[in-house]
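This briefing covers salt bridges, pockets and a few individual residues. The sequence and structure come first, then the points by topic.

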Amino acid sequence: TTCLKMISGLSTPSYGEIEMFGYKGKDLQKVRSRVGCLIEAPGLYGNMSAYDNLNIKCKLTGIKKKGYIEELLKTVGLDTVGEKKTKHYSLGMKQRLGIALALVGEPDLLILDEPINGLDPQGIVEVRETIQKLAKERGMTICISSHILEELSKIATDYGIIHNGCLVQELTREELMKKCSE
């Protein structure tokens with residue numbers, strides 16, 4: 001979580017530096033708009049619909065494209081919820097709306113911190129399918145933090161193992177599977 005917050009610009013490293021899209025240090029601000037993130041739980045207005053929550057973020061980021069919000073809702077499978085207030089959503093629905101909010105602005109990198117924590121089996125499947133759809137259809141790089149390796153094994157292609165704030169190992173799916181079977 002801490003590492004993802006630093007990548008997203010929500011926290012500052014106490015030492016070391018982050019390089020992203022060829023920028024580092026104070027120059028990272030030039031590329032932060034290329035990063036979408038969902039860290040912990042999505043910040044939703046409970047008395048508003050999914051559409052209205054997305055509309056606020058679009059206004060804040062200057063996006064006025066006709067049909068944009070409807071397309072985001074369709075992407076995350078919330079295009080049929082209508083005016084239902086988000087306070088009545090399941091956790092899975094809230095997570096998918098959080099992903100839609102992170103997608104506002106068409107980021108090149110999507111950061112998801114523990115996106116399936118607390119979800120029931122159906123919610124896990126819905127979030128997994130949303131992530132797979134984004135990776136396939138948009139060719140998007142998605143960085144996921146999770147302690148649930150079995151679930152990650154269903155969607156991830158590359159793995160980084162972090163211990164005490166340091167990247168200690170990088171593995172492809174094949175390397176990880178081989179290591180796990182030894």
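Arg 128, Glu 151 and Lys 154 are joined in a network of salt bridges, a salt bridge being a side-chain nitrogen of Lys or Arg within 4 Å of a carboxyl oxygen of Asp or Glu. The model is predicted: local features need pLDDT of at least 70, side-chain atom pairs count only at pLDDT 80 or more, and totals for chains, interfaces and linings use all residues. Residues are numbered from 1 along each chain as its sequence is written, and side-chain values use heavy atoms, with hydrogens and water left out.

**Salt bridges**

- Eight salt bridges are found in a search of the whole structure.
- Side chains of opposite charge can pair when their charged atoms come close.
- Glu 151 and Arg 128 meet through their side chains at 2.4 Å, N to O. Because Glu 151 lies in helix H6 (residues 149–152) and Arg 128 in helix H5, this pair ties together parts that are 23 residues apart in sequence. Helices are DSSP runs of H or I with at least four residues, strands are runs of E with at least two, and both are numbered from the N terminus.
- Glu 151 is buried at 10% relative accessibility, and Arg 128 is buried at 17%. Buried means under 20% relative accessible area, exposed means over 50%, and partly exposed lies in between (1.4 Å probe, protein chains only).
- Arg 138 and Glu 106 form a salt bridge at 3.2 Å, N to O. This pair links distant parts of the chain, 32 residues apart: Arg 138 is in helix H5 (residues 121–138), and Glu 106 is in the loop between helix H4 (91–103) and strand S4 (109–113).
- Arg 138 has a relative accessible area of 30% and is partly exposed; Glu 106, at 40%, also counts as partly exposed.
- Glu 17 pairs with Lys 24 in a salt bridge whose closest N and O atoms are 3.5 Å apart. Glu 17 is exposed at 56% relative accessibility, whereas Lys 24 is partly exposed at 39%.

**Pockets**

- The largest pocket has a volume of about 1,600 Å³. On a 1 Å grid over the protein atoms alone, a pocket is an open set of points where a 1.4 Å probe fits, with protein on both sides within 12 Å along at least five of seven lines; lining residues have an atom within 4 Å of a point. Grid points are joined across faces, edges and corners, and a volume is the space filled by probe spheres set on the points.
- Its lining has 46 residues, of which Cys 3, Leu 4, Cys 143, Gly 160 and Ile 162 lie nearest the centre of the pocket. Elements giving two or more residues to this lining include helix H1 (2–8), strand S5 (141–145), strand S6 (158–163) and strand S7 (166–172).
- By class, the lining of the largest pocket has 26 nonpolar, 13 polar and seven charged residues. Ala, Val, Leu, Ile, Met, Phe, Trp, Tyr, Cys and Pro count as nonpolar, Asp, Glu, Lys and Arg as charged, and the others, Gly among them, as polar.
- The second largest pocket holds about 430 Å³ of space. Of its 21 lining residues, Cys 37, Gly 43, Lys 57, Leu 101 and Ala 102 lie nearest its centre.
- S3, H2 and H4 each give at least two residues to the lining of the second largest pocket, and H2 has the largest share, with five residues.
- The lining of the second largest pocket divides into 12 nonpolar, seven polar and two charged residues.

**Thr 75**

- Thr 75 lies in helix H3 (residues 68–75) and is buried, with a relative accessible area of 7%.
- The side chain of Thr 75 reaches the backbone oxygen of Glu 71 at 2.8 Å.
- Beyond residues up to four places away in sequence, Thr 75 touches Leu 103, Thr 130, Lys 133, Leu 134 and Arg 138. Contact here means heavy atoms within 4.5 Å.

**Met 48**

- Met 48 sits in the loop between strand S3 (35–38) and helix H2 (50–61) and is partly exposed at 24% relative accessibility.
- Apart from neighbours within four places in sequence, Met 48 is in contact with Asn 53, Ile 56, Lys 84, Lys 85 and Thr 86.
- The C-alpha atoms of Met 48 and Lys 84 are separated by 7.7 Å, and the two residues are 36 residues apart along the chain.

How values were computed:
Polar contact = N/O pair within 3.5 Å; in protein donor to acceptor, adjacent residues only side chain to side chain.
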